[in-house]
Amino acid sequence: MRDQRLPSSPGFWRSPLRGPRFTAVLGVVLLAGITVMFVTGLVSYAAYNPDLASVNDKTPGKGLLGFYLFAWPTDPHWLYRLTQGVHVTLGVTLVPVLLAKLWSVVPRLFALPPARSLAHALERISLLLLVGGALFEFTTGLLNVQLDYIFPGSFYPLHFYGAWVFFAAFVVHAVLKVPVALRNLRHRHDEPAAPEENELVSPRPDRPTVSRRGALGLVGGASLLLFGTTVGQSLGGPLRRTALLAPHGGPDPGSGPGGFQVNKTAAYVGIDPAETRDEAWRLVVTGRTGTVRLSRADLLAMPLHSAALPIACVEGWSTRDQWWRGVRLRDLAALVGHDTDPPDVLVESLQRHGPFRVAALRANQVADPRSLLALFANGEPLTPDHGHPARIIVPAAPGVLNTKWVARLNFGDL
Ligand SMILES: Nc1nc2c(c(=O)[nH]1)N[C@H]1C(S)=C(S)[C@@H](COP(=O)(O)O)O[C@H]1N2
Ligand SMILES: [Mo]
């Protein structure tokens, strides 16, 4: 027998909880959960319209991995709230399950010899990518949500390519293990498990301090606690206060018409208040027939329209529907020669530095009658932090496309 003080020895691992059934239960939960996360993650990426213009594209080298991109719709108007809320909330909720699953199979990661055959070597390499990929994806995602874009600009490529590496390994692993997991779940406790899974059972177990059912209960309880302290950020309104673990989204926005969540404040991104004053600010609109410069008074003289739309951020938080009022994007397109079938538009902010100062919107988003250059929120002029004097608001679009402190609109020339 190998030296039991080394983690490569089965006798080193003594928890009586480890076993095929315990691992199988956690594995099946992760199989379902991670599949949903992968799909909502790809969907979230498509929502940026990265194939539309280079300013939207954070992963220009993606090549074939962009095969599935599609024109992001504007209906239902809460679409991104839902997909990204599910992605982030589920990611946080699954953390205890992921950790418990890794713990349950940790003896295997140390097993020697490293490979018994070519097939076994391939399986272990895929396992390395699986474990590494899972830890990488969960860590980058959580850090991004908690610490506000801690990897400036590079979060998207890290999380996007990481997701594909991880998912490839995940598929290999699932194909190999789902039959085993199902067999183990169907087994009665007193029957022997599939032989290749028995190596999870400690050959010299310690005395149990908690039953397997109790341990699964603890994992489930921890997940439930995380869920309960996160989901409020996606539900918005008063429930936002229950989102103790999802602090991001700026300081408490207070009450009143502008009293909904602020991502980056005007001061933070360096907006000069002098440039937003009515006398100084002009909206520059360019299109087929040339350029027009509009003052706030010019905009107020145009037909104003209202739309009830949320802000939904990639970080998973969102607001309930707010009442926006302003000029339709398609009416602005018509001013510069696009009377029918408005084209794509490039939107530029007064903001001079930082990641979200420009964004491109697709023709279908421009054409939607609810897509506005908003001047008012909830009946009052926009507050400085919500984008005064004017901001974009588009149904179903991710927050980053709702540019604040708009200075220029360029129709048809991305
Ligand atoms: N100019 C500019 N517009 C911007 C941003 C920014 O940093 N700069 N942040 C975007 C992001 S990521 C989000 S989620 C929304 C947040 O809008 P809110 O602060 O009004 O809630 O604004 C978007 N518009
Ligand atoms: Mo955002």
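This is a predicted model: local features need pLDDT of at least 70, side-chain atom pairs count only at pLDDT 80 or more; totals for chains, interfaces and linings use all residues.
Reader: What share of the residues counts as buried?

Author: A residue is called buried when its relative accessible area is under 20%. By that rule, 50% of the 414 residues of the protein are buried. As for the surface, the protein exposes about 19300 Å², and 65% of this comes from carbon and sulfur atoms.

Reader: How should I read the contacts between residues in the protein?

Author: One considers how far apart in sequence the partners stand. Among contacts with a separation of 6 or more, 70% join residues 24 or more positions apart.

Reader: Which residues are closest to ligand 1?

Author: A residue is taken to surround a ligand if one of its heavy atoms lies within 4 Å of that ligand. Here 18 residues do so, and the closest are Gln261, Gln351, His386, Arg391 and Lys404. The shell comprises eight nonpolar, eight polar and two charged residues.

Reader: Where do N or O atoms of the protein lie 2.5 Å or 3.1 Å from atoms of ligand 1?

Author: For a polar contact, one looks for a pair of N or O atoms within 3.5 Å. In the side chain of Arg391, an N or O atom is 2.5 Å from an oxygen atom of ligand 1. The side chain of Lys404 likewise places an N or O atom 2.5 Å from a ligand 1 oxygen atom. Asn402 contributes a backbone N or O atom, 3.1 Å from a nitrogen atom of ligand 1. Ligand 1 exposes 540 Å² when taken alone, and the protein buries 99% of that area.

Terms used:
Residues are numbered from 1 along each chain as its sequence is written. Chains are lettered from A and ligands numbered from 1 in the order in which they are written. Side-chain values use heavy atoms; hydrogens and water are left out. A polar contact is a pair of N or O atoms within 3.5 Å; within protein, one must be able to donate a hydrogen and the other to accept it, and residues adjacent in sequence count only if both atoms are side-chain atoms. Accessible areas come from the Shrake-Rupley method with a 1.4 Å probe; for residues, only the protein chains shown count as cover. Ala, Val, Leu, Ile, Met, Phe, Trp, Tyr, Cys and Pro count as nonpolar, Asp, Glu, Lys and Arg as charged, and the others, Gly among them, as polar. Buried means under 20% relative accessible area, exposed over 50%, partly exposed in between (1.4 Å probe, protein chains only). Contact means heavy atoms within 4.5 Å.
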